[in-house]
Amino acid sequence: MSSWFNVKRGEESTERLYVLEITVDDKVVYKVGKSSGHSSKQRMLQIIGSYFDAYRVTPVVKIVKDKVCTDVFKKETKCHQELAEYKFRAEKVFSGCQELFDVDKEVVLEVYKRILES
C-alpha cells in the first residue's frame, strides 16, 4: 500500500490538507478539508460511513490531493473562503457536507496549491 497518506502509529500528529472528489446527489463536487492526527484515508472512510448512514448507499470518493502542512486550520479556512461562492448544499446531512464545493476541479486545485504555497 502506498505511504503517501499514512500516519504511522506512535508518531506525532500530522496535519494534512486534502481535496476529495465525491459524488453527492448525482453531482461531482469537491471537499477541501483537514485531517489532524489522522490520515486523509481515515477521514475519507469516516465521511463514507456517515454518507452511507444518511443516504443508505456508498458514495464514489477519490482523494485528489493530500499534503502535510503547517497551520492546517488556517489554510483550510482560506480555501473555504476563496471557494465560498461555489458552496454546495447536500440534500441530506453527513460528516463534512458543509465543506463541499460545486466547481471545476481545476479551480479547486489552483486555490489549494496557492494556499499551500503561501
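I began with helix 1 (40-55): its buried residues pack against strand 1, strand 2 (27-36) and strand 3. Packing here is contact, meaning heavy atoms within 4.5 Å. Buried means under 20% relative accessible area, exposed over 50%, and partly exposed in between (1.4 Å probe, protein chains only). Helices (H or I, at least four residues) and strands (E, at least two) are DSSP runs numbered from the N terminus.

The model is predicted, so local features need pLDDT of at least 70 and side-chain atom pairs count only at pLDDT 80 or more, while totals for chains, interfaces and linings use all residues. Residues are numbered from 1 along each chain as its sequence is written, and side-chain values use heavy atoms, with hydrogens and water left out.

**Helix 1**

I listed the buried residues of helix 1: Ser40, Arg43, Met44, Ile47, Ile48, Ser50, Tyr51 and Tyr55. I then checked the length of helix 1: at 1.5 Å a residue its 16 residues should span 22 Å, and the end C-alpha atoms are 22 Å apart, which agrees. The expected span is 1.5 Å times one less than the number of residues. Arg56 follows helix 1 and has a positive phi, near 65°.

**Cores**

I looked up the largest nonpolar core, which has 17 residues. Such a core is a set of buried Ala, Val, Leu, Ile, Met, Phe, Trp, Tyr and Cys residues joined through side-chain atoms within 4.5 Å. Leu20, Ile22, Val24, Ala90, Phe94 and Leu100 touch the most other members. Strand 1 (15-24), helix 1 and strand 3 (61-68) are the elements that give two or more residues to this core. Helix 1 supplies the largest share, five residues.

I noted a second, separate core of 16 residues, including Val32, Val72, Cys79 and Leu83.

Which residues does Val24 contact, leaving aside its neighbours within four places in sequence? I found Val29, Tyr51, Tyr55, Phe88, Ala90, Phe94 and Leu100.

**Loops**

Asp25 lies in the loop between strand 1 and strand 2. Asp25 is not a glycine, yet has a positive phi of about 50°. Asp71, in the loop between strand 3 and helix 2 (72-82), also has a positive phi of about 50° without being a glycine. I recorded Asp71 as partly exposed, at 48% relative accessible area.

**Helix 3**

In helix 3 I found Val108, Val111, Tyr112, Ile115 and Leu116 buried. Seen down the axis of helix 3, these buried residues fall within an arc of 125°, so they line one face. On the other side of helix 3, Glu106, Lys113 and Glu117 are exposed. The buried residues of helix 3 pack against strand 1, strand 2, strand 3 and helix 2. The arc uses directions from the helix axis to the C-beta atoms.
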